[in-house]
Every structure is written in C-alpha cells, then in structure tokens.
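Dear colleague,

Please find below the structure that I am handing over to you. My notes on it follow directly after.

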Amino acid sequence: MTNAILMPDWSVSDVFVDEDDTYQITATYDLAPDECARCEAPARLVKRGATTRIFVDAPVHGRHTFIHVRHNKYTCRTCDATFGQILPGMHHTRRMTKRLVEYIEKHSLLKPIAHVAEDTGVSETTVGEISKAYFARLSEHHARKLRAPRHIGIDELALVNKQMRAIFINLEDSWPFELLRNRTLKSVQNFLMKLPNRGDVEVVTMDMCDYYRTAVKRTMPQAAIIVDRWHMADKINAAMDEARRRYQRKIHRGRVRALKGVNGIFLKRRSELSGSEEIKLGGWLANSEELYAAYEAKEALLSIWDLHDRAAAETALDEWRARVPDDKKHVFAGVAGVIDNWRTEILNFFDHGRLTNGPTEARNGAIKRIYNYGAGYDFESIRARALFGKRPGRLKKEADAKDEAWRARKPVCIRCRQPIDAAALMEDWKSYVAPLMEPPPRVHEHALCEECSKPDAWS
C-alpha cells in the first residue's frame, strides 16, 4: 500500500474513514534498532512483544487523522535493559506527530485555541500548553535578535482588563517589535534604555503623550520626535465639532435636527466635499460668523500639512497661532496649547520624510481584533500573536535587507554594540598611530568606540 503518511521508512497497511468522518491509519516503522538505548551494545537485542499506540497527526482533507502504530519492545542481552522502538516522526513526549506539533504552533499564532483544537482533534488544554511553550521560545529568540530600527512609532492600546499597554512599531516594515505590560514612564524608559543599538534611531513618531517624549529624550537624544499628523487632525476636528455644537445651542429647536443631519460635512476638508455638500455647508456658514471663522481656521491649520517645505510650514503655523487669542474659552484654545507645547515636534514632520503613526494605528486595530476574537487571552498570548503573527513575507524581507544594508555602512563597537563616530575615531588614530602605519589606518567592523577604548572601561 502507498505510504499515506509520507514519512520515510514507514509502512502503511490500512487506511479508512470511520463513522466520525476521521482518517484511521495503521502503520509500522520498518527499521529495528541496531544497538541498546542504554549501553549501546550492538546486535544483542531480543524482541519482547509489541503494543499498539495511537498518535494524532495533522489534519488531512479537513479530517482529523489518527495513526495506529505497532510499537515493538526489545531487551538487551548485555545489560538486561528493556526499551521501546524509536519512532522517527513522532513527538518524544506527546502522542502526536512532530508535524502536528508544528501545525499547532503555527496556527495558534493565527487562530483562537478553541479553533485549533477543533481543527486537529486535540484538547484545548494540550493546544494551550504547546502554544505557550512555543511563544516562550519565540520570545527568547526575539530578545536575542532585537535591535532598534531607524524609525519607531510609539502608541498605546487597551487590552486585558482595559489596561493601557505601550506598543513600539518599526515604521519601515509596519510591524511591532515590542508590546509592554503598561505604558508608565518608568517602563517605557527602561525598555528604550535597554534597547540594543538605540543610538541608531533617527525618528520617533508619537501622539501628544508627554512621558513618551520625556523617555525618548532621555534615552535617545539624537532621535527627532514627530507628532503624528492624524492625532493633530483629531484635535482640530474635535474643536470644529465643538464650534458646531455651540452654534447648535443657539439656533431654534426646529433647525437642530437639520444641523445634526449634516454634522459630518463640517469635518471634511473643502477639497473632499461633493457639489451638494458644498452648497449645504455654504448655507450654514453664511448664517454664522463664528461657525464660518471656526471652519476657516480648521482648513487653514490642516492645510499646513499639505506644504512640502519646513520654512513655509513654520511661517503658516506662526500666522495661524497669532490669530488665536489667549482665551481659555476660545474653541481652538486646546489646539493652540498643543501647538505651543509641541511646536518643534510638529515641524519635524517636514524634515524627516513626512512620517506618521499610521502603521502603528493600523497594527493597533489588528491587535484589538485578535484580542476580541479570542476571548480570555492573557497578556503573553496577545503579545506573541502581535509580534510573531503572520505578516507579508515579501515586505518583511525587503525591510530586513534594507536595514542590513544600512547597518553595514555604519561601524559598530564590538563591545557595547553602539555606533562608532568614525570621523572622531579616525582623527585620534591619525594623531597617534597613523605615522607608524603603512598603509594608513581605516575604521572597520571590528573596532571599539571611544568609551570602550579607555583602559578603565575594562576594569
């Protein structure tokens, strides 16, 4: 009979589908052991009967699959040890094939545990044990390989027990590289301080969270901080909506319903309005100078992000801020306060590739769907699915290749793994070593930085 289980040196004697619509396969491993499992004495083994053991295999054609294996036992004449036949392809501690364990590990990152258990015919407890062990190995490997990307997005999301967790995204491949248990200043700062190659970070995008900014400035002062333009747009639109509500409270009750029916057009950019929407908006703005002024202020501020030059954006931002009075009751008072506190971070958007936190927000939404889809996940399960779940392989390979090429051009200290200031190091070498060297010295990949070159650094 054909080897239906597709494992070498195995023979299949029977295959059928039972009344429960599952595959039942009878198989035998053909190779007998040639030495004792204890003393390793060759060719002195006596066969001592056999038992039939049932192993669960990965599903085939959507059916649960069970392999009935005749498991031979042997006794060694040299040491009198009794041992069972080794079964390649079968897991050493579980009654299942190795490929089923791999199947569970892979699919537990993508599906809820209950669904994986239903697909394979294995209990949810067993699937949970296998997945947790796999997640632990992935986390250990991730910790060894982790290094800071050039562009980082920081945000937060509410997961288990509605607690806010800080998430860090590599903006070059739009994938998270860490999810913390909380988002306190201490936790964020400690993570960034221990992040390998943190000196390589060039840009960090974030919302208007002050302790994120504090943590970044303390741990990677060389990085430019950018306030996400979409968070700014949310605040601007919220101010516009408040202006509409203030006007709504002043008008006759009969017109309130009509105004509520078109409240979305006040939040649209003028360029996005259809012909009918533009007519409706013009009618409402013509009836109120305050509403008209608020809409014009909203459009003027949002249009700054359409500019492509920092100098022009800085001028436009200062002009807009000068038109807003320092009155706490003004509808744009909150937005003006944000501009005063985050002016540099807002303008950094125009100097550093116009980066936004869009990829971070997209992954936040995906992680929340994973959490809602699999009720009862603990934090470690959510973190594993967020960091190691499926992603577009091509984009990941392209991002990794780009990152490796960039790092290859920058020498790194072999002791602390921080970037080396090649120019400064070369000047020191020219002063002391260059006159004695032929050919002249160069900075190569096996070098020490200035701090690690000092004698007391090794004491």
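**Overall composition**

Of the chain's 459 residues, 44% count as buried (under 20% relative accessible area with a 1.4 Å probe, protein chains only). This is a predicted model, in which local features need pLDDT of at least 70 and side-chain atom pairs count only at pLDDT 80 or more, while totals for chains, interfaces and linings use all residues. Residues are numbered from 1 along each chain as its sequence is written, and side-chain values use heavy atoms, with hydrogens and water left out.

The chain has 16 helices and 10 strands (DSSP runs, numbered from the N terminus: helices are H or I with at least four residues, strands E with at least two).

Beyond its neighbours within four places in sequence, Phe332 is in contact (heavy atoms within 4.5 Å) with residues including Ile236, Ala239 and Trp320.

**Packing of H6 and H11**

H6 packs with helix H11 (residues 333–341) at about 155 degrees, the axes being 8 Å apart (lines fitted to C-alpha atoms over the stretch in contact, with angles from 0 to 180 degrees between N-to-C directions). The two helices are therefore roughly antiparallel (over 145 degrees). Met232, Lys235, Ile236 and Ala239 in H6 meet Val335, Val338 and Ile339 in H11.

With kind regards

Technical notes. Buried means under 20% relative accessible area, exposed over 50%, partly exposed in between (1.4 Å probe, protein chains only). Angles under 35 degrees count as roughly parallel, over 145 as roughly antiparallel, 65 to 115 as roughly perpendicular and the rest as oblique.
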